[in-house]
Amino acid sequence: MAEVPLMSPYQMGKFQLSHRVVLAPLTRQRSYGNIPQPHAVLYYSQRSTKGGFLISEGTCISNSAMGYSETPGIWTKEQVEGWKPIVDTVHEKGGIFFCQLWHVGRVSNYGFQPNGQSPISSTDKVVPLECRSSGFAPDECSPPRKLRVDELPLVINDFRIAARNAIEAGFDGVEVHGAHGYLIDQFMKDQVNDRDDEYGGSLENRCRFALEVVEAVANEIGADRVGVRLSPFADYMGSGDSDPEALGLYMATSLNKYGILYCHMVEPRMVNAYGGGDETPYSLLPMRKAFKGTFIAAGGYNREQGNKAIADNHADLIAYGRWFLANPDLPKRFELNAPLNKYNRETFYAPDPVVGYTDYPFLESTA
């Protein structure tokens with residue numbers, strides 16, 4: 001069998017990976033009452049391999065971080081306890097598991113917020129109506145409240161405590177969610193950030209909050225357990241930037257100061273909610289070259305494109321979302337170049353604990 005680049009081993013810091021196929025962070029909305037559920041044990045176990053790297057679904061860091069129903073958190077003892085058996089089963093399979101730390105910022109409404117308060121953000125501008133009709137934002141986004149400078153350390157501390165809780169739950173590390181129009185992205189992107197203080201205006205100022213979160217998390221659990229996800233080119237939730245390449249390059253370079261484990265970036269072609277694969281003059285290559293740690297690329301990759309990206313040294317690892325969702329044994333299928341199950345969008349976010357979640361067949365059962 002010809003060598004399959006995606007199946008080659010890789011040393012990611014202290015973690016020895018047996019292949020380059022990463023489970024991307026995927027919101028599945030099946031954590032009833034915002035507590036990780038027993039059915040997630042099977043879901044993550046199915047997608048675990050010895051030496052495989054998994055990133056959890058977005059996991060809210062506090063009671064103000066919520067914006068979607070039935071998404072998990074990691075700020076209470078009960079949530080930490082709920083994650084433990086899920087993490088344990090991944091480890092039993094020999095997998096490496098990171099928890100994605102999430103704050104949605106303005107992508108929320110009064111109903112999700114403690115005491116019915118306003119969602120918090122870098123701005124008081126509401127999420128544009130067209131974003132909400134796409135199905136990626138709550139049906140109704142309430143006007144957010146612009147965070148004061150003196151409040152930012154409190155939010156940064158929420159990230160820090162959530163990282164500590166993730167380690168207590170058994171996770172090997174955390175990924176800071178700085179992508180897709182959520183709170184950290186709302187600070188970085190000039191289409192959203194309209195501040196006139198030290199967290200607004202210049203590129204350096206807009207990225208300050210993101211880097212302070214990374215620094216706090218790295219100081220709490222160790223930089224060798226920290227990754228960051230970024231989508232400089234995307235305009236999810238009305239969060240676009242006038243110079244995405246400069247933004248991506250600045251962040252990739254700045255992250256080197258903290259010595260974190262990896263940078264996870266979404267491809268420029270994923271410019272709309274469902275990633276139409278549009279032609280784009282942009283590339284992640286400048287960011288890949290600038291960042292000194294492990295570089296993970298994500299966004300609409302198939303097997304051939306993933307193999308080429310690894311072979312051409314455009315990325316160290318490739319994160320797969322929809323295909324991994326529908327093919328729990330995706331690494332094996334890629335190794336054998338076997339056919340893939342088709343995914344069903346209708347059940348991506350359905351609350352059913354089985355349908356569209358743990359019922360996608362393995363290769364053996366389809367043979």
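The legends below describe close-up views of a predicted model.

In this model, local features need pLDDT of at least 70 and side-chain atom pairs count only at pLDDT 80 or more, while totals for chains, interfaces and linings use all residues. Residues are numbered from 1 along each chain as its sequence is written, and side-chain values use heavy atoms, with hydrogens and water left out.

**View 1. The aromatic pair Phe97 and Phe171**. A pair of aromatic rings is described by the distance of the centres and the angle of the planes. Rings of Phe, Tyr and Trp (its six-membered ring) pair if their centres lie within 6.5 Å; planes under 30 degrees apart count as stacked, over 60 as edge-to-face and the rest as tilted. The count by this rule is 19 aromatic pairs. One of them joins Phe97 and Phe171, with ring centres 4.8 Å apart and planes at 55°, so this pair is tilted. The pair links distant parts of the chain, 74 residues apart: Phe97 belongs to strand S5 (residues 96-102), and Phe171 to the loop between helix H4 (152-168) and strand S8 (173-178). Helices (H or I, at least four residues) and strands (E, at least two) are DSSP runs, numbered from the N terminus. Phe97 and Phe171 are both buried (buried is under 20% relative accessible area, exposed over 50%, partly exposed in between; 1.4 Å probe, protein chains only). Together with Tyr43, Tyr44, Trp83 and Tyr357, they form one aromatic cluster.

**View 2. Arginines over tyrosine rings**. A charge sits over a ring if NZ of Lys or CZ of Arg is within 6 Å of the ring centre and within 35 degrees of the ring normal. Arg269 lies over the face of Tyr301, 4.6 Å from the ring centre. Arg208 is placed over the face of Tyr199, at 5.9 Å from the ring centre.

**View 3. The largest cavity and Ser231**. A cavity is a set of points on a 1 Å grid over the protein atoms alone where a 1.4 Å probe fits but cannot get out; lining residues have an atom within 4 Å of a point. Grid points are joined across faces, edges and corners, and a volume is the space filled by probe spheres set on the points. There is one cavity of 30 Å³ or more, and the largest has a volume of about 30 Å³. Its lining consists of Asp185, Met188, Lys189, Leu230, Ser231, Pro232, Leu247, Gly248 and Met251. Helices H5 (183-188) and H7 each give two or more residues to this lining, and H7 gives the most, with three. Ser231 lies in the loop between strand S9 (226-230) and helix H7 (244-255). Ser231 is buried because its relative accessibility is 1%. Beyond its neighbours within four places in sequence, Ser231 is in contact (heavy atoms within 4.5 Å) with Gly178, Ala179, His180, Asp185, Lys189 and Val266.

**View 4. Asn34 and Asn337, each with a positive phi**. Asn34, not a glycine, has a phi of about 65°. Its place is the loop between strand S3 (21-23) and helix H1 (39-46). With a relative accessible area of 21%, Asn34 is partly exposed. For Asn337, phi is near 55°. Asn337 is found in the loop between helix H11 (330-336) and helix H12 (363-366), and its relative accessibility of 51% makes it exposed.

Methods: On a 1 Å grid over the protein atoms alone, a cavity is a set of points where a 1.4 Å probe fits but cannot get out, and a pocket is an open set with protein on both sides within 12 Å along at least five of seven lines; lining residues have an atom within 4 Å of a point.
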